[in-house]
Amino acid sequence: MSVFDFLDLLGTASFAISGALFAIKKKMDTLGVFIIAFVTAVGGGTLRDILVDAHRITWMINLQYIYTIFGAVILAIIFRKKIENLSKSLFLFDTIGLGIFTIVGTEIGLQNDFHPIICISLGMITATFGGVIRDTLSNEIPLIFHKEIYATACIVGAATYLILKKFDVNLDIVHVLTALMVIAVRLVAVKFKLQLPTFYNE
């Protein structure tokens, strides 16, 4: 298994746990927990595959993704009572998945020889649209449409990835620094309550 494949599965597990914790917090039943975890984990990647006109959807031809999601959900359910604060745990796993999937989406854009702007967009879509589907199914306004810094962190991370690759930095270092950039932007934005401007009258 390559480092890229490992990161993809790690991001899948992180988002699956994030989705499961979200569904548990919403008091959904067992099926609901699995469905929300599944769409959170692979929703963004599915949309990405459709946009790049992939021959087949990634998780449909590689059952490792299904096994990873199933295992992650089981762990989330088993250890849910040991997690003192579901909100903090949800934020943690969601942020980790955000950083990793930004890398995955951006790299797939490069592999398909897309323009850098499209690569950045694919990184953002891969990382955020599973959450959009999750929130929509749960009757919530998707997080990326709030003032909170979310998709912006992915855009910064994807741009960082492209810049580092431009300068032929070691690929492992590129992966680590990109993920850390996304996570850092997200953490700083939440800690200091940084927001994008909105355009409405009080």
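This is a short tour of the structure above, stop by stop, with something to select each time.

**Before you start**

The model is predicted, so local features are described where pLDDT is at least 70 and side-chain atom pairs at pLDDT 80 or more, while totals for chains, interfaces and linings use all residues. Residues are numbered from 1 along each chain as its sequence is written, and side-chain values use heavy atoms, with hydrogens and water left out.

**Stop 1: helix 2 and Val-42**

Select Val-42, which sits in helix 2. Helices here are DSSP runs of H or I with at least four residues, numbered from the N terminus. Is Val-42 buried or exposed? With 6% relative accessibility, Val-42 counts as buried. The word buried means under 20% relative accessible area, exposed means over 50%, and partly exposed is in between, using a 1.4 Å probe and protein chains only.

Now show the surroundings of Val-42. Setting aside residues up to four places away in sequence, Val-42 touches Trp-59 and Ile-69; a contact means heavy atoms within 4.5 Å.

**Stop 2: two loops with a positive phi**

Most residues other than glycine have a negative phi. Select Asp-53, in the loop between helix 2 (30-51) and helix 3 (58-61). Asp-53 is not a glycine, yet its phi is positive, about 60°. Asp-53 is exposed, with a relative accessible area of 66%.

Next, go to Asp-113, in the loop between helix 5 and helix 6. Asp-113 is another residue other than glycine with a positive phi, near 60°. At 69% relative accessibility, Asp-113 counts as exposed.

**Stop 3**

Phe-70 belongs to helix 4 (residues 64-78).

**Stop 4: along helix 6**

Select residues 116-137, which form helix 6. How far apart are its end C-alpha atoms? They are 32 Å apart, which agrees with the 32 Å that its 22 residues should span at 1.5 Å a residue. The expected span is 1.5 Å times one less than the number of residues.

Look along the helix for Thr-128: a kink of about 40° is centred there. The bend at a residue is the angle between axes fitted to the seven residues ending there and the seven starting there.

Past the end of helix 6, select Ser-138, in the loop between helix 6 and helix 7. Ser-138 counts as buried, at 12% relative accessibility. Leaving aside neighbours within four places in sequence, Ser-138 is in contact with Phe-22, Met-28 and Ile-36. Asn-139 also follows helix 6, and its phi is positive, near 60°.

**Stop 5: helix 7**

Select residues 151-166 for helix 7, which has 16 residues. From first C-alpha to last, helix 7 reaches 23 Å, close to the 22 Å expected. Its buried residues include Cys-154, Gly-157, Tyr-161 and Leu-164. What covers the buried residues of helix 7 includes helix 5 (86-111), helix 6 and helix 8 (171-191). Just after helix 7, look for Asp-168, with a positive phi of about 55°.

**Stop 6: salt bridges**

How many salt bridges are there? The count comes to five, where a salt bridge is a side-chain nitrogen of Lys or Arg within 4 Å of a carboxyl oxygen of Asp or Glu.

Show the side chains of Arg-134 and Asp-94, which meet in a salt bridge (3.6 Å, N to O). Arg-134 lies in helix 6 and Asp-94 in helix 5, so the pair ties together parts that are 40 residues apart in sequence. Both Arg-134 and Asp-94 are buried.

Finish with Lys-165 and Glu-107, whose closest N and O atoms are 3.2 Å apart in a salt bridge. Lys-165 is in helix 7 and Glu-107 in helix 5, 58 residues apart. Lys-165 is partly exposed, with a relative accessible area of 30%, whereas Glu-107 is buried, at 11%.
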